[in-house]
Amino acid sequence: MSAPQPISARHRSIFAPSTEAERVENFESYWAFTQRRDGEILEDRRELTRKNELLAAFQSNPVRSRRPLPDPELFYRNYVRMHDDPRTFDRKTLLLTFLYKFARHEWVGISAAWDRIPSMAECRKTSERISRYHLCEEFTHVRLFHEMFRTFHLDRVEWVPLGKWMGRAYGIFPYFPEPVMSPPAFVSELMGLMLYLHIDAILDDVFADEPEARDRVRALLREIMTDEMAHVGQRRNFIGKIGIRVSRAMVEPMFRAFYADIPESKFLFDIDRMVREAKEFDYSVMPADVIQRSWIPSYCT
Ligand SMILES: [Fe+2]
Ligand SMILES: [Fe+2]
């Protein structure tokens, strides 16, 4: 019997080179994967049949934290915009208000993109169909985040559009041609994935006295993470030789700008480490249960 190979020996950097032919093949392989995982698209509702089943399974078997947050009004006062000093927050509220602000950016970005990319009927290429499914997955993530808030009895969470200028910036994004848009789109997926790994790492500590709620949040998070891990490879697959170098150079400024905008970030996460880990990212850092259910481009293994 041969000794098991360490996982790190089986993965290459996400910034590893790829050929045009490999990328064409990988779009087909991703497309098969995503349909298997998501089922049919219900385009008018921005939904996917298997994702709906998943969400229904969580909702019909709800888990709620044993005790309320120390001060639920602190959450409601600060989740959309920060009004109080985050240094005075308990860790649970701090993580939850952060999570909302992050998810809200996602929600605004995908809502803007939805109206501007081809519908399924208009799609001519596999990569266009992939993008349509991709957005429906992201809409599901917002629903899964919503379920996280409900796990902590936060039933009054509303999805508030960003202010006029930020909303416009997101609105313009999908109009850029693909080679310009692809590196930042890839880096923002990588940023999401790194963040989910860092959230996963602090769950045990933050929710130590709420084991059931913590496990539920982790289960919801890992569903999102499984999609996001696949998104990282899929968005990487849009990028050629020069774009991949541009992407690596964009990691640091994009991460820093994004987190500077969310006041909770620096009290919860080591942003320097996140930047470092993103630049060095390969799939060996992912949890085994996520790897098993997700997708990796062939040139990264
Ligand atoms: Fe996402
Ligand atoms: Fe994503």
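Predicted model: local features only at pLDDT ≥ 70, side-chain atom pairs only at ≥ 80, totals over all residues.
Visitor: Which residues coordinate the iron ion (ligand 1)?

Guide: The iron ion (ligand 1) is held by Glu106 (OE), Glu138 (OE) and Glu228 (OE), at 2.0 to 2.1 Å, and along the sequence these donor residues follow the spacing E-x31-E-x89-E. Glutamate 138 lies in helix H5 (residues 126-151) and glutamate 228 in helix H8 (residues 211-236), so that this pair, 90 residues apart, links distant parts of the chain.

Visitor: How far apart are the iron ion (ligand 1) and the iron ion (ligand 2), and which residue coordinates both?

Guide: The two ions are 3.2 Å apart, and glutamate 138 coordinates both.

Visitor: How should I read the salt bridges, and how many does a search of the whole structure find?

Guide: Side chains of opposite charge can pair when their charged atoms come close. In this model a search of the whole structure finds 30 salt bridges, one of which joins the side chains of lysine 101 and glutamate 264 at 2.6 Å, N to O. Because lysine 101 lies in helix H4 and glutamate 264 in the loop between helix H9 (241-260) and helix H10 (265-268), the pair ties together parts that are 163 residues apart in sequence. Lysine 101 counts as buried at 7% relative accessibility, and glutamate 264 is buried with a relative accessible area of 0%.

Visitor: Which helices are linked by aspartate 200 and arginine 222?

Guide: Aspartate 200 forms a salt bridge with arginine 222, with the closest N and O atoms 2.9 Å apart; aspartate 200 belongs to helix H7 and arginine 222 to helix H8, 22 residues apart, and both residues are buried. Arginine 218 in helix H8 and aspartate 204 in helix H7, 14 residues apart, also form a pair, their side chains meeting in a salt bridge of 3.1 Å, N to O. Here arginine 218 is buried, with a relative accessible area of 17%, whereas aspartate 204 is partly exposed, at 40%.

Notes
Residues numbered from 1 in each chain as written. Chains lettered and ligands numbered in written order. Heavy atoms only, no water. Donors = N, O, S within 2.8 Å, 3.2 Å for Na, K, Ca; no water. Helix = DSSP H or I, 4+ residues; strand = E, 2+ residues; numbered from the N terminus. Salt bridge = Lys/Arg side-chain N within 4 Å of Asp/Glu carboxyl O. Buried < 20%, exposed > 50% of the residue type's maximum accessible area, 1.4 Å probe, protein only.
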